[in-house]
Amino acid sequence: MATAFSSDGEAALRRDLGPAAAATPRGDLDSFYEMGRAAAFVRDGGFRKVALQFPDELLADAATVAARMEAATGAEMYVLGDTTYGSCCVDEVAAEHVAAEAVLHYGPACLSPCRKLPVLHIFGRQPLDIGRCAEAFRELYPNRQSRVVVLSDVVYAHAMDDLEQQLCPEYPDIIFSRVVCGDTPGPTPPGEVRQFGRQFQVEAPGGLQDCAMFYVGAEGLALTNFMLTWNCCPFSSFDPTTGCGRRETFNVNRALMRRLYLVERARDARVVGILVGTLGVGGYLDVLQHLRELLQRAGKRSYTLAVGKPNPAKLANFLEVDIFVLVACAQNSLLDSSDFYRPVVTPYELELACNPAREWTGNYLTDFRDLLPGACAHVELPPAVPAAEAVPSISLITGEMRAAHLCDPPVPQLPPATALACRDQTRALAEISPAASFLESRSWRGLEQQLGQTPISKVVQGRRGIAIAYEDEGREQP
């Protein structure tokens, strides 16, 4: 199933177009978009150029919000209507195109830390029926001594204080998480959990394993991310749009088995494509270098690819790549690659495949920053083992033997003379690259201009429809 992060656009091509309905302006813009807090952020920072990033569902209000912000602050406002990657991430790339000094990010957010620009998150105060939510909670947890951690989508975080006032008198062991933007300084106290922009204290003797999770929000990537990460906890949810609560029946074990199958595919791979899925999340350059070194030690070739939002059509162009690893925020890294020609794994899954010292413990990691040196889940690579002493490894998919030992770290040196060759009779030099050699072997290598070689022809009526099924498909062209 494709998501907005990886859509191939087929749905948009097949959609029937009708007269566009006029967007109904919100009557509570000041409250919904917290105009006072946003204006104070701009004025206090002395920013003269500010980028306003809106998701698609809030773009109808963008012009009005920008005009009001300019009137309140005197600063220039630039609306970012489309995002380079996922809309939950701050698009620093697009903001730098207009030389913005700060970003106001509106709508749902993954709360990943940014690298360069100051950011203020305005989630939008989506309505929540507090009474119905509390009633659904009581139906799902009739035992008043239940230990439950309440999580919420960021767009409903504003209502969690009111929900807490209703439920805390009845449930003494209930725990409400708080939304935290940015990294909290200092070490994490014992029993405190800080992940995915959420912070809460667990006092149960067995930690999170003794707690259940109650999520306020619609089904989506955020909930999936929580369930895979805290897979030892039973989950329930309340969808504010339908007013219904339910016990989540998402089969976590089956999902983890699918991810572990992809780990085995990564062990068999010889060529790995590193997909750059973010240019704004802090630490992405460090994890790119970490993955390159890991793959080099594991004896695999790697290529770094920046293709924007990945989809099956884009990645199918790289036939020499056996598997892709996506470096993105915690929510967008869980890409369903069932429609892709090659599998797409996360940095954690690639580490499971290539680092012999890392073992599967049942804890699934979606934040790539946890893998970096100095982080809570970093595991050092073991020393290299000579090929003669390495324990043979058998692929569980193909049944063939494969190399599973680590190579010695590369010694920095100048490229060997065999990497250069004469390009033509003028003695121009060209560097020999395995990827370039593979590209040269293809029968079609893309469009070529061929200036002055193409005869001029008369314009004729072309085909109609989409490439998957033209209207005149099967009929002979005149």
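How much space lies in the largest pocket? The largest pocket holds about 1100 Å³ of space. The structure is a predicted model, in which local features need pLDDT of at least 70 and side-chain atom pairs count only at pLDDT 80 or more, while totals for chains, interfaces and linings use all residues. Residues are numbered from 1 along each chain as its sequence is written, and side-chain values use heavy atoms, with hydrogens and water left out.

On a 1 Å grid over the protein atoms alone, a pocket is an open set of points with protein on both sides within 12 Å along at least five of seven lines, a cavity is a set of points where a 1.4 Å probe fits but cannot get out, and lining residues have an atom within 4 Å of a point. A volume is the space filled by probe spheres set on the points, which are joined across faces, edges and corners.

Lining the largest pocket are 44 residues, and Arg194, Gln195, Asp367, Asp370 and Cys376 are the closest to its centre. The lining divides into 22 nonpolar, 14 polar and 8 charged residues (Ala, Val, Leu, Ile, Met, Phe, Trp, Tyr, Cys and Pro count as nonpolar, Asp, Glu, Lys and Arg as charged, and the others, Gly among them, as polar). Strand β8 gives the most to this lining, with 4 residues. Helices (H or I, at least four residues) and strands (E, at least two) are DSSP runs, numbered from the N terminus.

About 80 Å³ of space lies in the largest cavity; of its 13 lining residues, Tyr85, Cys89, Val90, Asp91 and Leu279 are the closest to its centre. The second largest cavity has a volume of about 40 Å³ and is lined by Cys110, Phe196, Arg198, Ala222, Asn225, Phe226, Ala330 and Gln331. Helix α8 gives the most to that lining, with 3 residues.

Aromatic rings come next. The whole structure contains 15 aromatic pairs, where rings of Phe, Tyr and Trp (its six-membered ring) pair if their centres lie within 6.5 Å, and planes under 30 degrees apart count as stacked, over 60 as edge-to-face and the rest as tilted. Tyr33 and Tyr106 make an edge-to-face pair, 5.5 Å centre to centre with 80° between the planes. Because Tyr33 lies in the loop between α2 (29–32) and α3 (35–45) and Tyr106 in strand β3 (residues 102–106), the pair ties together parts that are 73 residues apart in sequence. Tyr33 is buried, with a relative accessible area of 0%, and Tyr106 is buried too, at 1%. Buried means under 20% relative accessible area, exposed over 50%, and partly exposed in between (1.4 Å probe, protein chains only).

Phe196 and Phe226 form a tilted pair, 5.9 Å centre to centre with 45° between the planes. This pair links distant parts of the chain, with Phe196 in the loop between β8 (192–195) and β9 (198–201) and Phe226 in helix α8 (residues 221–229), 30 residues apart. Both Phe196 and Phe226 are buried. Phe196, Phe200, Tyr215, Phe226 and Trp230 form one aromatic cluster.

Finally, there is helix α12 (residues 347–354): 8 of its 8 residues are buried, so the helix is largely enclosed by the rest of the structure. Its buried residues include Tyr348, Glu349 and Glu351.
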